[in-house]
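Here's a quick tour of the salt bridges in this one. Have a look at the structure first, then we'll walk through the pairs.

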Amino acid sequence: MHDVTLPKLSEDTDKSLIVLWFVDEGDYVEEGAVLCEVQTEKAVSEIRAETSGTVKKIHVKRGDSVKASTLLAVIDPKGKAASNIGTAEKVHLEQAEENEASQETASFTRVSPRLRHLAKELSVKLEDIKGTGKGGAITEQDIRDESGL
C-alpha cells in the first residue's frame with residue numbers, strides 16, 4: 001500500500017484546504033494522475049499519484065482543512081485497471097451523450113474537465129448555465145452560483 005500524504009506547500013503555514021477530489025475510492029489511477037486539489041492562503045496546488053494502482057481509501061473529505069503530512073489517501077499498487085473498465089466505458093458513454101445533447105442546442109460551450117467534474121459533483125447541469133467568462137465561457141463561479149454555494 002502507498003500512503004498519499006499532504007506535503008508542506010507553504011513556508012508560512014502547514015495547513016491546506018482540500019478543494020476538490022478528482023478520484024473516488026475504487027478508482028484506478030496512473031502514476032502522475034491528479035488526485036485532488038488543495039489550497040493554501042496563497043496558492044492552489046494539485047496532489048498527484050506517485051504510483052499507479054487502485055484508490056483504496058480516501059481519509060480526508062472535500063472542504064476539510066488539514067496539516068502537512070496528514071494521510072490523504074491510500075493507493076494499492078497491486079490494484080488493477082480491469083475492474084474499472086466497465087465504469088470508465090460507462091462514464092465515456094455518458095459524456096458522449098451529454099456532448100451530443102449539448103451540440104443539439106443552439107450554442108456549445110467548451111468546459112474544462114475540472115469544471116465538468118465540479119459541476120457533476122455539485123449536481124449542476126452545464127446546459128442550464130449562462131457563462132460569464134470571456135466569449136460566454138462557463139467559469140467555476142458560474143457553476144458555484146448555479147449550485148447555490
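## Along helix H3

Arginine 144 and glutamate 140 sit four residues apart in helix H3, so about one helical turn separates them. The two form a salt bridge, with their closest N and O atoms 2.9 Å apart. Keep in mind that this is a predicted model.

How exposed are the partners? Arginine 144 is buried, at a relative accessible area of 16%, while glutamate 140 is partly exposed, at 26%.

## From H2 to H3

Glutamate 140 also meets the side chain of arginine 114 in a salt bridge, at 3.2 Å from N to O. Arginine 114 belongs to helix H2 and glutamate 140 to helix H3 (residues 140-147), so this pair ties together parts that are 26 residues apart in sequence. Arginine 114 is partly exposed, with a relative accessible area of 27%.

Back to the arginine 144–glutamate 140 bridge, with its 2.9 Å between N and O.

## A loop held to H2

Across the whole structure, a search turns up six salt bridges. One of them pairs arginine 62 with glutamate 121, where the closest N and O atoms are 3.0 Å apart. Arginine 62 is in the loop between strand S6 (53-58) and strand S7 (65-67), and glutamate 121 is in helix H2 (residues 113-121), so the bridge ties together parts 59 residues apart in sequence.

Arginine 62 is partly exposed, with a relative accessible area of 31%. Glutamate 121 is partly exposed too, at 33%.

Conventions: Residues are numbered from 1 along each chain as its sequence is written. This is a predicted model: local features need pLDDT of at least 70, side-chain atom pairs count only at pLDDT 80 or more; totals for chains, interfaces and linings use all residues. Side-chain values use heavy atoms; hydrogens and water are left out. A salt bridge is a side-chain nitrogen of Lys or Arg within 4 Å of a carboxyl oxygen of Asp or Glu. Helices (H or I, at least four residues) and strands (E, at least two) are DSSP runs, numbered from the N terminus. Buried means under 20% relative accessible area, exposed over 50%, partly exposed in between (1.4 Å probe, protein chains only).
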